[in-house]
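Please have a look at the protein below. This report walks through its strands, turns and core, one topic at a time.

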Amino acid sequence: MKVLTDKIIKTEVMLCPCCMETHEVQTVEYMDKTVYNGVELGTDTISCYCSLADTYFEVDEIISRNYRVLVETYQKLMENKNEAGN
Ligand SMILES: [Zn+2]
């Protein structure tokens, strides 16, 4: 149920790669749960949203941004665990 927590961070008129029409495409941010290295992480994930097709999609730039946030979140979690163990 992404819609409830979506935060619109950008609205841009562009040729939508999802439906191939030119229209306003929203960039939204929401909390997502992803399993990385066997650990479940809650990360703030960014997606584009096509209102015509009612579909979320990601472009290359966003995929690499989301991956970077995921890895950073994982590393922070591991650091915290190590500190707690010492
Ligand atoms: Zn579209």
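## A turn to start with

Start at Asn37. Asn37 sits in the loop that links strand 2 to strand 3. This is a predicted model, so every value here is computed from it. Strand 2 and strand 3 form a hairpin, with two residues between them. Asn37 belongs to that turn, and its phi is positive, at about 50°.

Why does Asn37 count as exposed? Asn37 has 9 C-beta neighbours inside 10 Å, and a residue is exposed if that number is 12 or fewer. Its backbone angle deserves a second look. Most residues other than glycine have a negative phi. Asn37 is a residue other than glycine, yet its phi is positive.

Met20 is found in the loop between strand 1 (7-15) and strand 2. Met20 is not a glycine, but it has a positive phi of about 65°.

Now move along to Asp54. Asp54 belongs to the hairpin of strand 3 and strand 4, where four residues lie between the strands. The phi of Asp54 is positive, near 55°.

## The overall plan

How many helices and strands does the protein have? The protein has one helix and four strands. Read from the N terminus, their order is β-β-β-β-α. The protein is more spread out than a compact globule, because its radius of gyration is 16 Å, well over the 12 Å that the globule rule gives for 86 residues.

The C-alpha trace spans about 55 × 25 × 20 Å along its principal axes. Buried residues make up 9% of the 86 residues.

The four strands make an open sheet in the order 1-2-3-4, with antiparallel pairing. Which strands lie at the edges? Strand 1 and strand 4 are the edge strands, and each pairs on one side only. On average, neighbouring strands of the sheet are turned by 40° against each other, direction ignored.

Next, the pairs. Strand 2 (22-36) and strand 3 (39-50) are joined by 11 bridges in the antiparallel sense. Tyr30 stands opposite Thr45 of strand 3. Val35 stands opposite Glu40, also in strand 3. Strand 3 also pairs with strand 4 (residues 55-57), antiparallel, over three bridges. There, Cys50 has Thr55 in strand 4 as its bridge partner.

## The core

Which residues make up the largest nonpolar core? There are five: Cys16, Val25, Val28, Cys48 and Tyr49. Strand 2 and strand 3 each supply at least two residues of this core.

Take Val28 as an example. Leave out residues up to four places away in sequence. Val28 then touches Asp6, Lys7, Ile8, Ile9, Ser47 and Tyr49. Tyr49 is itself one of the core residues.

Gln26 is found in strand 2. Gln26 counts as partly exposed because it has 16 C-beta neighbours inside 10 Å. A buried residue needs 20 or more. Beyond its neighbours within four places in sequence, Gln26 is in contact with Ile8, Thr11 and Tyr49. Gln26 and Glu72 are 46 residues apart in sequence. In space, their C-alpha atoms are 25 Å apart.

Val59 lies in the loop between strand 4 and helix 1 (60-85). Val59 is also partly exposed, with 15 C-beta neighbours inside 10 Å. Setting aside residues up to four places away in sequence, Val59 touches Pro17 and Cys48. Cys48 is one of the core residues. How far apart in space are Val59 and Val71? Val59 and Val71 are 19 Å apart, C-alpha to C-alpha, and 12 residues apart in sequence.

Technical notes:
Residues are numbered from 1 along each chain as its sequence is written. This is a predicted model: local features need pLDDT of at least 70, side-chain atom pairs count only at pLDDT 80 or more; totals for chains, interfaces and linings use all residues. A nonpolar core is a set of buried Ala, Val, Leu, Ile, Met, Phe, Trp, Tyr and Cys residues joined through C-beta atoms within 7 Å. Two residues are in contact if their C-beta atoms, placed from the backbone, lie within 7 Å. The radius of gyration is taken over C-alpha atoms; the globule rule is 2.2 Å times the number of residues to the power 0.38. Two strands pair if DSSP finds at least two bridges between them. Axes are lines fitted to C-alpha atoms, for helices over the stretch in contact, and angles run from 0 to 180 degrees between N-to-C directions.
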